Amino acid sequence: MSNQLIMHYITQLQQQVQQLYQYSHSLENRIQQLESNKQAKTSIEKLEYHFDQLKIERLDGTLHIGMTPEDLQNSEDLSLNPSQGQTPFPSVHQTLLEDADNELPGYVHSLEQQYNYPLEDDFRQTLIQDVKQQLPNRIAYYQQANVPPTDLPQHILEHVKKEWQQGLKNWFSNQQKE
């Protein structure tokens, strides 16, 4: 190899080393600027939760019979508070409470077998109690139906029972999907 060729390689290597030095120096400066700039903070403007994508091991709360999450989202306030703690249609309420005590345990048990999803006794009672707690609001809701007053009690009884049956069936169906 000629001396000229070796000098040319050395010159090129020196230029490359110089470029790398400048590049590393500029990176060091940028790092120092970022570290010294305490104003730069991460801000999160919007968080979206997708609860339908979560796996739920235990669920506590209220079972809304006859309602889907979309119904709850698209509706106004559904809590129809009867006047000063009075239950609307006391006789209908009493009948529904008795029916809940007599019919719901058997219905829940049949759903447990149908969906092959056995419940503990405490949890079964919690489901039934939850349905019973919603009765005054559901009675008040159906009380507003455009039905002749003589047919109204029967209308309320039928629709509330259909709601609790469908609500429980939907709940068991959802449990089976998980």
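The model described here is predicted. Of the 178 residues in the protein chain, 21% count as buried.

The protein chain has 6 helices and 0 strands. Read along the sequence, its elements follow the pattern α-α-α-α-α-α. Among contacts in the protein chain with a separation of 6 or more, 77% are accounted for by residues 24 or more positions apart.

## A nonpolar patch on the surface

Three residues, Ile6, Met7 and Ile10, form a nonpolar patch on the surface. Together they have about 260 Å² of accessible area. Ile10 has its place in helix α1, which covers residues 3-36. With a relative accessible area of 41%, Ile10 is partly exposed, because this class takes in values between the buried limit of 20% and the exposed limit of 50%.

## Salt bridges between helices

Side chains of opposite charge can pair when their charged atoms come close. In this model the count comes to 6 salt bridges. One of them is formed by Asp101 and Lys132, whose closest N and O atoms are 2.6 Å apart. This pair links distant parts of the chain, with Asp101 in helix α3 (residues 90-114) and Lys132 in helix α4 (residues 121-133), 31 residues apart. The two partners fall into separate accessibility classes: Asp101 is partly exposed, with a relative accessible area of 42%, whereas Lys132 is buried, with a relative accessible area of 16%.

Glu103 forms a salt bridge with Lys161, and here the closest N and O atoms are 3.6 Å apart. Glu103 lies in helix α3 and Lys161 in helix α6 (residues 152-177), so the pair ties together parts that are 58 residues apart in sequence. Glu103 itself is partly exposed, at a relative accessible area of 34%.

Asp121 counts as exposed, at 56% relative accessibility. Arg124, by contrast, is buried, because its relative accessible area of 14% is under the 20% limit for that class.

Elsewhere, salt bridges that share partners join Asp99, Glu103 and Lys161 into one network.

## Glu158 and Leu96

Glu158 is found in helix α6. At 39% relative accessibility, Glu158 counts as partly exposed. Glu158 and Leu96 are 62 residues apart along the chain, and their C-alpha atoms are separated by 9.8 Å.

## Summary

The predicted model shows a chain with 6 helices and 0 strands.

Conventions
Residues numbered from 1 in each chain as written. Predicted model: local features only at pLDDT ≥ 70, side-chain atom pairs only at ≥ 80, totals over all residues. Heavy atoms only, no water. Patch = residues over 30% accessible without salt bridge, like charges linked within 9 Å, V, L, I, M, F, W, Y side chains within 5 Å. Areas by Shrake-Rupley, 256 points an atom, 1.4 Å probe, with all protein chains shown as cover. Salt bridge = Lys/Arg side-chain N within 4 Å of Asp/Glu carboxyl O. Helix = DSSP H or I, 4+ residues; strand = E, 2+ residues; numbered from the N terminus. Buried < 20%, exposed > 50% of the residue type's maximum accessible area, 1.4 Å probe, protein only. Contact = heavy atoms within 4.5 Å.
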